[in-house]
Structure formats: C-alpha cells, structure tokens
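Please keep the sequence and the 3D view open as you read.

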Amino acid sequence: SGALAARYLPSCDTNDLPPGETCASGTTQANPVATNLYFVIDESLSMEDDACSYNASSCRCPSGDTGDCNSAGGGNYVPSRERAWEDAIDTLKTELSSGAYNLGVAQFTGGSQNATNTACLNQPAQTMGMQAGSGTGFANTFANAAQITPNSYTPTAAALLGTLDANRNGNYTDARFLLANDASAAIRSKAVVLVTDGLPTTCPGDSDYYSTSDTELMAAVGAARLVATHGAQVFVIGFDIGEDNKFQLLANAGDPSHPGPYYYCSGSQAVPCICHPTQTGGTNRPSGCTTLANLQKTPWNVVSNTTSIVNAVRAIAQSTVNCALPLTTTGTVDNTITRVRLVTSGSSQLLTATDYTISNSTLTLAGGACTNLKNAVRTDSSARVEVELGCACQPAAGGEQCGDGVDNDCDGLVDREDPD
C-alpha cells in the first residue's frame with residue numbers, strides 16, 4: 001500500500017508538465033518503507049481478570065459466546081482481558097496485513113526473582129518472528145501468534161531486554177524488532193508495542209511475586225529506555241488498573257525523543273531524577289528533582305475493552321507510517337517543476353507546494369497531506385502518492401532550433417520568441 005509512482009517529464013519548453021511524455025528512464029515505481037510493529041504481550045495470570053465492569057453496550061460477552069469471559073451475575077458475562085485482547089486482534093488482523101506493516105509477536109510470563117535465571121533470560125517467548133507479508137494467510141499467522149494462555153507472573157524488564165537482545169550478548173543488530181537482511185533498515189520506522197495489564201513483578205523480583213518494588217519498576221524503565229536508544233519506540237498499551245503514573249514512566253522511557261528524567265531519585269540515582277512519589281528524605285527528594293506533575297509526558301494508551309484496544313493499536317500503527325517516501329531518480333531532475341497527487345481507490349488529490357518537500361531522492365509529505373496518507377494506508381491497499389518530476393533543462397549543443405517547440409538553449413524562450 002502507499003505505492004509511490006514517479007514520472008520524469010520534459011520541462012524545457014513549459015512549466016506545465018505535459019502528460020504522456022518522458023525523459024530520463026520514463027516511469028519508475030518506489031514503495032514507502034513498511035513499519036516494523038513488534039507486539040510484546042503480557043501473558044500473566046491476571047489477564048484472566050475482568051477487562052471492564054459489565055455494561056450492556058460496551059462491556060459484555062454475547063449470549064452463547066462466553067469463552068474466556070467471566071460471570072457478572074444475573075446471567076451476564078464480561079470479557080476477560082485475554083478475551084478483549086483476542087477479539088481486538090480478530091478485528092485488526094486484516095488491516096494490519098495490508099502490506100503497510102511488517103509484524104512480529106512475542107509473549108511474556110513467569111520469570112524468577114533472579115534476573116540472571118534461565119526463566120528470565122528466555123523472555124519473551126517469540127511466537128512470530130518479524131516478517132513482511134500481506135493477505136489472509138499473513139493475517140491468520142499474526143492472529144494465531146497473538147493468542148495467549150494466561151499464567152504466572154509479569155517479567156516486563158526481561159521481556160523488553162529480550163526483545164532488544166535475545167541472546168543477551170550486548171549486540172543489538174539481531175534485535176527482534178528488526179527485519180532480517182533489511183536493506184532499508186536505516187530508514188524504516190520500528191515500534192515495540194507493549195501490551196500489559198500489570199506492573200513488573202519478576203526479573204528482577206523480591207520475595208513477593210505479586211507486588212512491584214522500585215527495583216522491579218526501575219528495571220523495566222531501564223529496559224524500555226535501552227530499546228528506545230537502540231532503534232525502536234516502546235508504545236505502551238496498559239489495562240486500567242489504577243497505576244497510570246507508573247505506566248507513564250514506561251511510556252516516557254520508551255520514547256526516543258523524551259528528554260528525561262526517567263528514574264526515581266535514590267541513593268544510586270541523583271539529579272536529574274524524579275522526586276519519589278511516596279518516600280521522603282534528601283536522597284529520595286533532593287533539591288532540583290522533577291515532580292511527576294512537571295514531568296514531560298509521552299502519550300500512552302489506557303484500555304478497558306475491545307474497542308479501546310482496537311483504537312489504541314490503530315493510533316499506534318498510524319503514527320508510525322513514514323511520510324518520507326523514496327524516489328528512484330534518473331537523469332537531471334528539476335524539483336521545482338512537479339505534480340504530486342495523493343491517490344486512493346476513490347479519489348485523486350493534487351497537492352500544493354506547501355504539502356511536500358523534495359530533497360535528493362526523498363519526497364516528504366507535510367501537515368494534512370501526511371495525515372491523509374496515514375489515514376488512507378490503514379484501510380486502502382491502493383492508496384499511493386504519484387509524482388511527476390520535470391527534467392532539468394540541458395542546453396543543446398547547437399543552440400536554439402526554430403520550429404521544434406523546445407527551448408533548446410534553456411533561456412526560457414521558445415522558437416520565434418527567442419531572438420537567439
């Protein structure tokens with residue numbers, strides 16, 4: 001989807017690009033680079049809990065279809081978080097398999113108190129390696145890989161570290177969010193989508209596998225930051241469990257553009273740091289620390305039912321569509337003479353000069369044109385940008401030739417209008 005077609009047309013005789021004529025190599029094709037979306041899904045036991053409180057219109061399981069649903073009394077059922085997630089994937093699988101996205105999936109659960117234990121080093125369990133594809137078969141492969149069986153604990157830090165560095169050798173060139181042998185890796189958008197219903201409890205962990213200490217939370221924040229500084233943004237989709245401030249720390253750390261600070265102040269973390277929200281004293285709240293209220297906040301997604309999950313994934317996927325589109329150019333091109341159209345299955349819109357820039361072999365859409373492309377590629381596999389570029393005028397060796405309708409000497413005048 002989003003194919004970019006370029007035609008190079010003669011511009012020596014007019015600023016009006018005449019259709020049907022070519023110079024250089026004629027019509028060429030180039031495709032925008034598909035985004036890598038790598039889903040890292042929490043499979044802990046709490047994913048069996050209610051996704052939301054019963055509501056006849058927004059939170060209920062249909063009569064006769066109550067698999068992975070929980071009783072709400074009175075013969076009513078509500079979806080578990082597992083059911084809400086899997087229903088969302090069933091809705092999303094086709095549009096995510098349009099060719100605009102490369103997909104990968106991993107799941108995490110279990111772990112140990114010791115972050116070097118094999119139960120931590122093997123996180124996350126990859127169920128679909130990052131791959132390109134499209135169509136029904138690809139959609140079903142993705143949907144099957146995203147099914148979960150909730151059990152055990154929440155090793156968030158280990159899951160993120162394993163997404164970046166599966167063999168834990170400090171070499172990130174084989175990160176799981178990368179496409180193997182990718183010639184376009186340097187310009188490809190990459191995203192890790194963390195789907196979770198709880199805060200980290202293992203890898204590392206304390207004696208209580210069910211609560212989250214600062215050590216566990218800061219380890220997950222550190223892992224998110226490591227991913228963000230090595231090629232991918234971590235987008236957070238978190239179920240509504242009343243821990244928004246802590247999910248916010250994960251979203252901030254996972255944003256490559258976030259300036260920080262990322263960590264709570266402590267004996268090992270001095271300013272710049274975040275004033276500890278519950279602990280007091282000079283170590284935890286030193287002079288110059290940043291309060292949670294004053295912390296720059298990267299948007300993240302609070303979800304509670306299938307619809308909110310679908311909307312969250314769509315927003316993330318749309319935000320990662322790259323509006324910088326490669327052009328394959330040949331010959332000498334005059335970028336000031338162009339036609340650029342955004343074409344969908346139902347329309348063709350001629351863009352204005354303020355809607356795009358062209359630099360070397362890259363066309364970048366701006367503002368509303370970029371937004372329109374992002375909206376279009378989600379549901380329209382034929383959405384594309386078509387570009388006609390005029391060839392730069394090259395003076396003919398013999399100078400101006402009368403009667404041929406061409407500005408042979410490139411002075412802006414043609415035939416009888418040219419005194420030369």
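The report below looks at nonpolar cores and then at disulfides.

This is a predicted model, in which local features need pLDDT of at least 70 and side-chain atom pairs count only at pLDDT 80 or more, while totals for chains, interfaces and linings use all residues. Residues are numbered from 1 along each chain as its sequence is written, and side-chain values use heavy atoms, with hydrogens and water left out.

**Nonpolar cores**

A nonpolar core here is a set of buried Ala, Val, Leu, Ile, Met, Phe, Trp, Tyr and Cys residues joined through side-chain atoms within 4.5 Å. Buried means under 20% relative accessible area, exposed over 50%, and partly exposed in between, using a 1.4 Å probe and protein chains only.

The largest such core has 58 residues, and those with the most contacts inside it are Phe-39, Leu-96, Leu-103, Leu-363, Leu-365 and Val-385. Helix H7 (residues 306–320) gives this core its largest share, six residues. Helices (H or I, at least four residues) and strands (E, at least two) are DSSP runs, numbered from the N terminus.

Leu-365 deserves a look of its own. Leaving aside residues up to four places away in sequence, Leu-365 touches Cys-323, Leu-351, Asp-355, Tyr-356, Cys-370, Leu-373 and Val-385; contact means heavy atoms within 4.5 Å. Two of these partners, Cys-323 and Cys-370, are themselves joined in a disulfide.

**Disulfides**

The structure holds six disulfides, each being a pair of cysteine sulfur atoms within 2.5 Å. The table lists some of them.

| Pair | S to S | Torsion about the S-S bond | Hand |
|---|---|---|---|
| Cys-61 and Cys-69 | 1.9 Å | about -90° | left-handed |
| Cys-275 and Cys-289 | 1.9 Å | about 100° | right-handed |
| Cys-323 and Cys-370 | 2.0 Å | about 90° | right-handed |

Cys-61 is buried, with a relative accessible area of 6%, and Cys-69 also counts as buried, at 12%. Cys-275 and Cys-289 are buried too. Both of these cysteines sit in the loop between helix H6 (244–253) and strand E10 (301–303), 14 residues apart.
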